[in-house]
Amino acid sequence: MSTRPSLYTQLQQTILPRLLVALIAVSMILCLCIFYVAQKQVANEQRTYISHLKADLTFTLDSTQQLMEGIAANDLLINSFIDIQQRQNYLPIFFESLRFTRARSFSLGLFQFNGEPLITNNWEGQVPASMASAWQETVLNESKPYSNISGDGAIIAVPVLLADSAEGALVLHIPALQALIYQRDSDASQLILDSERKILYSNKPAMFRPGSVFDHAAYSGWESESEQWRGLTLISQAPALEAYSNVLWLIPAILITLAFAVIVSIYASSHAAKLSAVTLRQLHDDIQRSTSRKKGGASTGSENEPAELNEIRTAFNQLIINLSTISLSNRQFSNVLDSLEEILVVQDETGENILANRAYKRYALYYDLSDNTLRDIKADLSADKQSLTGHYASLSDKRPVTLSWRVLPLIDDERKQVGSILVGNDLTQRRVLENQINVISHAMKSATVSILIVDAQEAGFPAIYVNPHFSLITGFDEDEVMGQTFLMLNQMKAETSQLHKIKYALRHGHAFDEMLICHKKDGSVFYNQLILTPVYTEDKLTHFVAFFQDVTDRERTRQYLEDARLKAEESARLKSGFLASMSHEVRTPLHGVSGALQLVNKTPLDSTQKRYVDLAKDSLKNLQHIVDDILDFSKIEAGQLNLEAIPFNLELLIKTIYDQFCISCGEKGLTLKLESDLNGQTMVTGDPVRLRQVLGNLLSNAVKFTSEGTITLRIALTVGDKQKWALRGDVEDTGIGIAPENLDSIFEVFSQEDVSTTRKFGGTGLGLSISRQLCQLMGGDLTVTSEKGRGSCFSFVMLQGNAEGTKPAQSLNDSQAPAPLLPAKDFCAKILIVEDNEINQLIAREHLSQHKTMTARNGKEALEALNRMKLTFDVILMDCHMPEMDGFETTRRIRAGDAGEKYLNVPVIALTANAMKGDRERCEAAGMDDYISKPFSAEDLLSAVARMC
């Protein structure tokens, strides 16, 4: 019998102690986790009690304050401050009936605005001096409620408001908090302490007496949580044993679980040890039965190795010794030969094949490699040739192959040649690659792009190849380039910053593509587009390929185009600035004239004076129309005219224009006809303002140039499944007509048929040009047919969007827009007018005569007025362009608080002569609330003020 210990004993001695240690460690960790969770649970429970206590106290104070505010708003109490003579008859009775709290002891007082008591109940001598007047500043001066809790009790005061001002105050004092808070069933003790640790409230007054000083050290063994609230300390605490009573039952449960785990572990380790021993014993028996009796070298194990494993090792060593005496079989040798890619054929001295690998069999199956062919190859190689290359046709549909042959002697153990070994290599793929390389090399030499290849493995990245075109564009010969470092850029004198980038790309294996300014060999400068491409072989950087291209002509062309673009943009910017300036400069005096005429029209006038004023107003409208036409044309030319795309009522718009021009035609004795076919559609999507402008221009011209007869307006809408519908129209008149030779020039800028037409009928000649360009912007066109003395017919086409199921945009359709919002006659607002033009100041003040107005000449004066004056302005009318500080900067400073918090959100209305694209957006970006363009009418100004107020 062996003296070694059994595997069963070793497994028991190794596994069981470690398993018990692990169980004990897990149990300890589990106990610590349970204690940690329990501690958190107890702390959360105490904090919950504090939250309930704070909620009860807050609810009591808030509900009491709300009740007091309701009483303070009672008409009976408010009238007592006005009805001085009769209030003593009913006020004491009313005051005695008030009860705001369930506390039995409390003090109640009603005070006047100066703090003098009007009536009190249990007040004198009951309310501490520290609380008797602390509420007056907040309640009487600020008109806000006041509440406070301290060691002297709780006090709540609310204002008695009259016209939003505190006329007096209703004040309640509760000396003790104990009666204010509802009792809750709880094992923990909840306390409220003041700053001197005096107990103001306790849910267990028998244990913690209210009014006593709380000694925290006496309860150091308790689980306690506290929170500060409004100068008070809220505490919830309980004895540790009671707090953790919910988790004590887990201790015996853990002990029972641990004992059960130990029993299971002992049984499991014992069963595993037995099972391992039996399994290894069976394995040993199987190996021993299959092992031969031949002896061989044996390996040794450790001294403490189990007996079963030692026996298995002995049997296994015996098997290894027997296997080592066996040589490689013929099949193994054949597999080695078959794994070779080369063709291998072994022949004896007579030339008979005695062995051939799989590669030979594969080639012999598809190509002409018979035994005779092999004999011929062997004979040719015996004639003092080291190798032989032959081409062999395919016996099937495969491509021919090229094979390279060598012959080796077959030597026996006595170093005698007993045969020959033929070895063949397939050169077909190599020849294909060589041809491809030749083609690529020829293409690189013939390329019209300079190509340079450098070695990435050598220091300095020396050049190893350069094509002829490189020398052609740089002037450097091939012998001057080969072996040079850093792509010859040092000799080409590229910029230092670009050299650093290229060197960084080379050292880190990055691609590079930039345009460089280089010098040729003769010193001339050229623009070089360099493309640097890294070449990797098996994830290793080996080379860089650089492509050089002379882009001097392209770069000069680009610079020319860039200069032209900058000049065009500068021209457009100057034109836009000129138009903005002209718009402002022209509209400012127009507004002065318009406002003055409006003011004169309000004064008593006789019939002659009124006729003169009406003539001046008509001339002003014509002048404003001319200015608008010029600005519209300039916007179109500058590409700043944007078209709206909103739904509107096409039928209503056409009817409104027809009704408007019926009046003009009636005054001249003309007949205006309307022929409309909208195919049952009412709503379309487009720009109603620009459509109205086109129709207005065409009808206005027809009325102007027709002295008698009829004007016909035809409108037709082509409806289909597409999103865009075609709106076609004709305006036909029986007027003076246009000569055929003038039809081509009628749509030119500032052009009419002839000079006499301009003198007789007036106008700038912009209306038709603008109308045609508007039609083209809307996807259509405007054309004319005419006969001199017989009349004209202007036909237009424009695209409108499908707007089925939509509602019209009310604000963009004048005919559907609501009436202007005018202020009531008795409405009076305080308005600050910030305007540097004295005429415009006068006009604005006169238009706003029913309001209180003050003027400032610039933004600096406006900020000083807003900060200095006690009066609070309701609206600010802000001019945009003023000396010292303009309206934009002034508005931004007001929004930033430079005029005080009360003006942070004051309405600011822009009064500006700017009418170009982006002016409204610029005003909104500065913080302005509304925008009125000069010239404006009194109704426009009054409506804007009414909207803001």
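**Entry 1: getting set up**

Before looking at helix packing, I noted that a helix axis here is a line fitted to C-alpha atoms over the stretch in contact, and that angles run from 0 to 180 degrees between N-to-C directions. I also reminded myself that this is a predicted model.

**Entry 2: the whole chain**

I started with the overview. The protein chain has 27 helices and 31 strands. It runs to 949 residues, and 40% of them count as buried. I then checked contacts between residues at least 6 apart in sequence: 58% of these join residues at least 24 apart.

**Entry 3: α20 and α22**

Next I looked up helix α20 (residues 688–704) and helix α22 (residues 767–777). They pack at an angle of about 145°, and their axes are 10 Å apart. Their crossing is left-handed. On the α20 side I found Arg690, Gln693, Val694, Asn697, Leu698 and Asn701 in the contact, while α22 brings Gly767, Leu768, Ile770, Ser771, Leu774 and Cys775. Sorted by class, the residues of this contact are 6 nonpolar, 5 polar and 1 charged.

**Entry 4: α20 again, now with α19**

How do the axes of α19 and α20 cross? I got roughly 20° for helix α19 (residues 650–668) and α20, with the axes coming within 11 Å. Angles under 35 degrees count as roughly parallel, so α19 is roughly parallel to α20. The crossing is right-handed. From α19, the contact includes Leu650, Leu653, Ile657 and Phe661, and from α20 it includes Pro688, Leu691, Leu695 and Val703. The class count for the contact of α19 with α20 came out as 10 nonpolar, 4 polar and 3 charged residues.

**Entry 5: a histidine in a loop**

I picked His851, which sits in the loop between α23 (838–847) and β28 (852–856). Buried or exposed, I wondered about His851? His851 counts as buried because its relative accessibility is 6%, and the cut-off for buried is under 20%. I also saw that the His851 side chain reaches the backbone nitrogen of Ala829 at 2.9 Å.

**Entry 6: two positive phi values**

I went looking for positive phi in residues other than glycine. Asp539 has a phi of about 65° and is not a glycine. I located Asp539 in the loop between β18 (525–537) and β19 (540–550). With 79% relative accessibility, Asp539 counts as exposed.

Glu884 went on the list too, with a positive phi near 70°. Its loop lies between β29 (875–879) and α25 (887–895). Glu884 is exposed, at a relative accessible area of 67%.

Key. Residues are numbered from 1 along each chain as its sequence is written. This is a predicted model: local features need pLDDT of at least 70, side-chain atom pairs count only at pLDDT 80 or more; totals for chains, interfaces and linings use all residues. Side-chain values use heavy atoms; hydrogens and water are left out. Helices (H or I, at least four residues) and strands (E, at least two) are DSSP runs, numbered from the N terminus. Buried means under 20% relative accessible area, exposed over 50%, partly exposed in between (1.4 Å probe, protein chains only). A polar contact is a pair of N or O atoms within 3.5 Å; within protein, one must be able to donate a hydrogen and the other to accept it, and residues adjacent in sequence count only if both atoms are side-chain atoms. A crossing is left-handed if the near helix is turned anticlockwise from the far one by less than a right angle, and right-handed if clockwise. Contact means heavy atoms within 4.5 Å. Ala, Val, Leu, Ile, Met, Phe, Trp, Tyr, Cys and Pro count as nonpolar, Asp, Glu, Lys and Arg as charged, and the others, Gly among them, as polar. Angles under 35 degrees count as roughly parallel, over 145 as roughly antiparallel, 65 to 115 as roughly perpendicular and the rest as oblique.
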